[in-house]
Amino acid sequence: MASFIVNGQPVSCPENKKLIRFLRDDLHLTSVKNGCSEGACGTCTVLIDGKATKACVQQTDRMEGKTVVTCEGLTAREREVYAYAFTEAGAVQCGFCTPGMVMAAKGLIDRNPDPTPPEVKDAIRMNICRCTGYKKIEEAILLAARVFRGGEDVPHRVLKGIVGENLDRVDAPGKALGDAKYADDLYLDGMLHGTAVRSAYPRARVLSIDTSAAKAAPGVVCVLTAEDIPGTVKIGHLKQDYDVMIPVGKITHFLGDAIALVAAETDEQARAAAALVKVAYEELPPVLNMTDGLNDEILVHESNGTNVLSHEHLVRGNADEVIRNSKYVVTHHYSTPPTDHAFLEPECAVAVREGDGMRIFSGDQGVYQTRKECAQMLGLPQDKVRVTAMMVGGGFGGKEDMSVQHHAALLAWHTNRPVKVAFTRAESILVHPKRHAMEMDFTTACDENGYLTAMKATIVSDTGAYASLGGPVLQRACTHAAGPYNYQNIDIDGKAIYTNNPPAGAFRGFGVTQSCFATECNLNELAEMVGISAFEMRYRNAIRPGQVLPNGQVADETTALVETLDAARPILERDPKAGIACAMKNAGLGVGIPDTGRCRIEVRGGEVLLHSSAACIGQGMGTVQTQMAAEILGIPHDRVRYCVPDTALAPDAGNTTASRQTLFTGEAVVRAAKQVKEALEKEGSWEALEGRSFLGEYTGVTDRLGSDKQNPVSHIAYGYATHVVELNDDGTVKRITAIHDLGVAVNPRSAEGQIEGGVIMGLGYALTEDFPLKDGKPTAKYGTLGLFRADKTPPVEARLVEKATKDGLACGAKGIGEICSIPTAPAVQNAYYNRDGVFRTRLPLPDTPYSRKK
Ligand code: FES
Ligand code: FES
């Protein structure tokens, strides 16, 4: 029993427990976020006797007589200043790290009202942010300190909120202060806690499951096995190969496979009972690498008949012959590792049975996808399942697949009580699909003047235990493998291979991060053979409007790769040893796949309500939609209200994936707003429109891969980028300049934030991040994934090249979601090559000042 003060109130905790659990579960102070419970992320930062401390590593018994402050305990003035500073600086994206950052800032500013930038970096070095790259968080803290020091009033900017303005993010103040609700922040009456029993082996036949001891354990309400699934046992995003649970007699596919589910009154009881479920296995030899997978001696999915999930072969021209006849030819083998998204919010969902249907509260990348898969599993029509989005604490592609939603729904179905399933960080690391490891052989050729002539590549990806989005990821790796250059002879062969490793799926960059590394590195060696700079090599070959991309698509007038290179030129002139790389990335699914953005605008109470299922996973989708609606309607932004996605209220706008939402749902917002405007002109008043709805829809029409058209349209739009990396004398990274062609920047400050965060994610991929596996088991914890911390993060300078989209679609915006992470790694590789002459062909790059000691 400990008695102490929390936010000015005396409290006592009868039983010793982690402070984070007491603050969240007993006091419902949900600003104290649970990112890892391992002391590694800082989302749980509170002040204890004025010192910033992680609540997950403190026990309540040690709090006797102490004073604890959380965001809920800030004074009105502090709330106003921190909300202002973090919003004004653009420091909030997914927001899951932000309350912890605010408390770290308060801990600093309270004792040092005038901190220097290095002191700010030092104060937040134990707090990870995966979205922002820290720059804007540091600016926010310096701004807050200045406002406190000067006793300044918080200024209120008056903006129209139209496209091109730095409108405050609509969700920023709530996220900064910890008021915004994520799924784990829901505490419903009578709510149970669910967890899964996971496989003991990556590949084994389940012989029997004995749940009797677990069922008799304290607090347990139900224990389920695959027999209890009323609908389909297998679900999946594109291919239904993912077992909700492995039935008796069937074979597991990886260590994250669920064998049984437990619901109990508390999370601890559920996990204790799960340990009592006895599973008898016949252990089978697993497939743990791509080489073994390719020979098909052991099949991961027997019904598939092969371990090849998908095979792509892209051919234009005659690469072999042209390579033979080219003046210069470079061939290298490249290896890139799997990596974890490491979003700060572990997966969580809460499900509630509603009559003969199901309600699911979830933080994911597409509420309709969740509805579809959960309805299939429950054997219900889709309209009997309602999915409501909660805030999403980062996704980056890792929250496209079912992880917790279906299990929460199944447990709620059987118990008829609300059920929360929240992953521990270890479960998150094991279960959600990773970035694909790839092995790549690339040959690239050019003529005597450095003009590219042809390329040939083979790409093999480890897609792990389940299909997830492994097919499209491989396809995008292949379609972008030739780079954003003007040549026509390509021969690219790709295979995605099932193994018994954790599944791989979507990850910001979607396969292009990997193939871009190979393409760009080859280009540098060619440049050296020709005797020109890496910059000049790119400048000569850069795709220009009217020219034809290697995939046959004609580059339209919005293509601005050369402009990004022009902006990079002065840096290379100043520092000829700087590394450079370019990239392109599609907006939208493309290649003939149906792809529609939708938005329903409802007029109510003089406000314009935006309903769309487009998930905001931190990128700022609500603000983008708000600004586009304000632009078209010509009304102040505060009359536009963004509503979180809900399948009962919002039309299906597809998943947040493929850098598509700004363009596709953005254009849908524009179309809906134009209808409202027309109706307003006709009816003469807003009152006449009260209660009416207007549906905007935009479908991007593209040609399928392998189309026999001479110049197929593979994608509606492409963004282009050039990154330049400068090193210090000691070999650390001095600065990264990231120049992006993104169409019109709807909110330039947000776009900069996307770029800064994406570049640091790319820098981690280049230098520090890895996802080691031992016998199919991840050996990393959150603290050892290799994520950059604030004190080691170099400056990133984001520059925007704005050339509006064709026909002004989506107010001219192409989007920026993924490309900002793509060219960083090869630019870093080039910088180190220029420094030490070592041509590195694997990631993370070996033998740099960032390399971990083995
Ligand atoms: S939740 Fe405490 S450090 Fe991550
Ligand atoms: S805003 Fe920091 S983790 Fe998302």
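Asparagine 416 is exposed, with a relative accessible area of 55%. In this predicted model, the residue belongs to the loop that runs between helix H12 (405–415) and strand E18 (419–422). Its phi is near 60°, a positive value in a residue other than glycine. Cysteine 811 likewise is not a glycine and has a positive phi, of about 55°. This cysteine is found in the loop between strand E31 (796–801) and H22. With a relative accessible area of 19%, cysteine 811 counts as buried, because the term applies under 20%.

A further backbone feature concerns proline 844, which is joined to leucine 843 by a cis peptide bond with omega of about -10°. Proline 844 is found in the segment after helix H22 (824–836). The proline is also one of the contacts of leucine 767; leaving aside neighbours within four places in sequence, that leucine touches Val733, Phe788, Val828, Tyr832, Pro844, Leu845, Thr848 and Tyr850.

Aromatic side chains come next. The whole structure contains 12 aromatic pairs. In the pair of tyrosine 718 and tyrosine 720, the ring centres are 6.4 Å apart and the planes stand at 45°, so the arrangement is tilted. Both tyrosine 718 and tyrosine 720 are buried. Elsewhere, one aromatic cluster is formed by Tyr242, Phe254 and Tyr466.

Arginine 435 is placed over two rings. It lies over the face of phenylalanine 507, at 3.9 Å from the ring centre, and its charged end also sits over the ring of tyrosine 765, 4.0 Å from the centre of that ring.

The last topic is empty space. Rolling a probe the size of a water molecule over the atoms shows where such space is left. The structure holds 10 cavities of 30 Å³ or more, and the largest cavity contains about 550 Å³ of space. Its lining consists of 37 residues, of which Gln619, Gln754, Ile816, Gly817 and Glu818 lie nearest the centre. Helix H18 (621–633), helix H19 (661–683) and helix H21 (748–767) each supply at least two residues of this lining.

How values were computed: Residues numbered from 1 in each chain as written. Chains lettered and ligands numbered in written order. Predicted model: local features only at pLDDT ≥ 70, side-chain atom pairs only at ≥ 80, totals over all residues. Heavy atoms only, no water. Contact = heavy atoms within 4.5 Å. Phe/Tyr/Trp six-rings, centres within 6.5 Å; stacked < 30°, edge-to-face > 60°. Buried < 20%, exposed > 50% of the residue type's maximum accessible area, 1.4 Å probe, protein only. Lys NZ or Arg CZ within 6 Å of the ring centre and 35° of its normal. 1 Å grid on protein atoms, 1.4 Å probe; cavity = no way out; pocket = protein on both sides within 12 Å on 5 of 7 lines; lining within 4 Å. Points joined across faces, edges and corners; volume = space filled by probe spheres on them. Helix = DSSP H or I, 4+ residues; strand = E, 2+ residues; numbered from the N terminus.
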